[in-house]
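The following questions and answers are intended for a student who is learning to read a protein structure. Please look at the sequence and the model before going on.

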Amino acid sequence: MSNASTNELEDRFPWPDAVEVPEECEGWEEMYPRYFRFGESPERSELERDRFWFWDQKDSPTPLRPWDITLCVESIAMQLSQAQSRVFAVPPAMGIDLRIIAGYSYATPVPCTDPDLLEERESVFGERSEYIYNNFEALYEDEWLPAVKEIGQEIRDLEVPDRFPEYAPEEVVFESKGLHSETVDVQSNYNRLQELTLRGWQRHFEYLNLVYLAYLSFKRTCDELFPDISDNAIGEMVTGLETDLFLADTVLNDLAHQAVELGEEVPEILTSAADPDEKLDRLEETDAGREFLEAFEDAKDPWFHITVSRGYHSEEGSWLDTLEQPFEHLDKKVQALQENEEIRRDLDALQEDRQRVVDEYRGYLNEEERAQFDQAHQLVLDVYNYAEDHQFWIENWLHTIIFEKLDEFGELLVNHGLLETPRDITLFGRNEVPELLADLALVWSQGKGAHIPEYWAEEAEKRKRILDAAKEWSPPPALGEPPEEVTDPMVVMLWGITTETVQNWLGSTQEEDSNEIDGFASSSGTAEGKARVVKSGSELSEVKRDEILVSPLTNPDWTPVFSKVAGAVTDNGGATSHTAIVCREYGLPAVTGTGAATSNIQTGDRIRVDGNTGEVEILERAE
């Protein structure tokens, strides 16, 4: 993230309703609902100027397509706020407000400041959170996960034809079925897809706030009992977790081991320069290859339901779309095994290290303090898996199913000439797609030779051009007047935004060309090596063993690459971000929330990462 757009500002960022967007993005406002646009009324503009907004790079590092707003901005704004404000009544939090500028999402927390309301909410929260914490495992295994899987299966079962028939089938006439209902069924099934998507996101936030609050409670306990403890030491006490999110990498490791055990043919195919389709064809030719393919196919559901981007971006799809990502990971893992390198995460060692850190700190406490510590620690161990598991089941598995079903609706529109490609359907908002389907029904109803409107395809191309231009733009990292101090613990913990981060954005404490960069000490250890700057999942294939990954943030689909890098540095994210959690699980040093690492560091620079202090130093610039 570049500081150039804000260096000239001394004490604030641009006002929300005064951001200058590139001319090439003209018309972007028409793509998004008005309730997610700044400056829609004088009264709301005044409210928006009274708040501090930050670019949510964690969830919209690139512009969001209009339909993707359903999964990201709309669901986060409604479901997160509902969970905090209406369901669990988290005392100080009334949810989050979000807006869109040229496809980028900006967020601001909404605090509860009324003392009487705070007191009222504390009693509601105490009773409801205690029930969840006491019954968490049963609620997750018996209620939450089956409900999410049921939503996914119902979406899969929605019927969408490839195209409408030339003439209605004979039974419409001979069995008195009225008129052909397929056009109505398609519109009805699309409406059901919208509903199920929103219900899935209600499940996403069902327990998430309580999980993060359990971590915050443990952190507060540690800070009180050990005033000098680091965030990284606290994080080490919750490592060694067996989460579903890591199972995709575990399955790939198992496949790589099986490939090597099957002899020379399968590894030779997997490490060749052939594309995925060629590799599949070649594997079909031998007994060993077919045996490997059987295991490969079994692994696809659910473990290849991994979205290539953050999970909200339909444009990049999932592992299943091209199979490039799983084959790329298998290529590197098989090569590592052939060089006698270990690719599996040593879970026993991680758990032993965790217990060593826990025992060390418990040794400093008296009996009463140990009881306080143990209670907070056990609670976070009981529930913290969910922080990563929900990402797999909602943002990856369920989103992959949603995008696949949207492609079926898109294919129908393509086959009747209204769109150019199936995924173009996501260039329209969820409430615009019914108009597209209604127009299709009208065209079909008029019979063979009916005029096919061109304006949908033309509008899709126009929106692609706007979004492509937005990708080239560097939005301001924040909007409005920053607070004297960033105090919201969720903002610090999840987004890695601190008072120092905001000052860095304003250009007052960290020069863009500095060789020293500060961030969160998110995973202990130090590493030196060549940097590899990666800004999207499509660039992961360029990462070489023992390089240091530098990125705006990391996504769940990146997890397998952590078995070969030496460390990680990110612009965004705090001590509980995906990068921080995964690096601790793989024993890699990590510094997160630097604010500007990808601007200051170039691929090939030799850098030093200190996960104990949160410092990154550029030792030697690449030529």
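**Helix packing and its surroundings**

Q: How do the axes of α7 and α16 lie relative to each other, roughly parallel or roughly antiparallel?
A: In this predicted model, the axes of α7 and α16 come within 9 Å and cross at roughly 155°. Angles over 145 degrees count as roughly antiparallel. The two helices α7 and α16 are therefore roughly antiparallel.

Q: Which residues of α16 make the contact with α7?
A: The crossing of α7 and α16 is left-handed. On the α7 side, the contact is made by Val211, Ala214, Tyr215, Phe218, Thr221, Cys222, Glu224 and Leu225. On the α16 side, the residues are Glu369, Gln372, Phe373, Ala376, His377, Leu379, Val380 and Val383.

Q: What span does α16 reach from its first C-alpha to its last?
A: Helix α16 covers residues 367-383 and has 17 residues. At 1.5 Å a residue, the expected value is 24 Å. The span in the model is close to this, at 25 Å.

Q: Which residue caps the N-terminal end of α16?
A: The cap involves the backbone nitrogen of Glu368. A side-chain oxygen lies 3.2 Å from that nitrogen. The residue that supplies this oxygen is Asn366.

Q: Which residues of α16 are buried, and what covers them?
A: The buried residues of α16 are Phe373, Ala376, His377, Val380, Leu381 and Val383. What covers these residues includes α3, α4, α7, α15 and α17.

Q: How many of the eight residues of α21 are buried?
A: Helix α21 spans residues 499-506 and is mostly covered. Its buried residues are Thr499, Thr501, Val502, Asn504, Trp505 and Leu506, and what covers them includes β1 and β4. The number of buried residues in α21 is six.

Q: Which residue follows α21, and what is its phi?
A: Helix α21 ends at residue 506. The residue after α21 is Gly507. The phi of Gly507 is positive, near 85°.

Q: Which backbone oxygen does the side chain of Arg345 reach?
A: Arg345 lies in the loop between α14 and α15. Not counting residues up to four places away in sequence, Arg345 touches Leu241, Phe246, Leu350, Glu585 and Tyr586. At 3.4 Å, its side chain reaches the backbone oxygen of Leu241.

Q: What distance separates the C-alpha atoms of Arg345 and Leu553?
A: Arg345 and Leu553 are 208 residues apart along the chain. In the model, their C-alpha atoms are separated by 22 Å.

Conventions
Residues are numbered from 1 along each chain as its sequence is written. This is a predicted model: local features need pLDDT of at least 70, side-chain atom pairs count only at pLDDT 80 or more; totals for chains, interfaces and linings use all residues. Side-chain values use heavy atoms; hydrogens and water are left out. Helices (H or I, at least four residues) and strands (E, at least two) are DSSP runs, numbered from the N terminus. The expected span of a helix is 1.5 Å times one less than its number of residues. Buried means under 20% relative accessible area, exposed over 50%, partly exposed in between (1.4 Å probe, protein chains only). Contact means heavy atoms within 4.5 Å. A polar contact is a pair of N or O atoms within 3.5 Å; within protein, one must be able to donate a hydrogen and the other to accept it, and residues adjacent in sequence count only if both atoms are side-chain atoms. Axes are lines fitted to C-alpha atoms, for helices over the stretch in contact, and angles run from 0 to 180 degrees between N-to-C directions. Angles under 35 degrees count as roughly parallel, over 145 as roughly antiparallel, 65 to 115 as roughly perpendicular and the rest as oblique. A crossing is left-handed if the near helix is turned anticlockwise from the far one by less than a right angle, and right-handed if clockwise.
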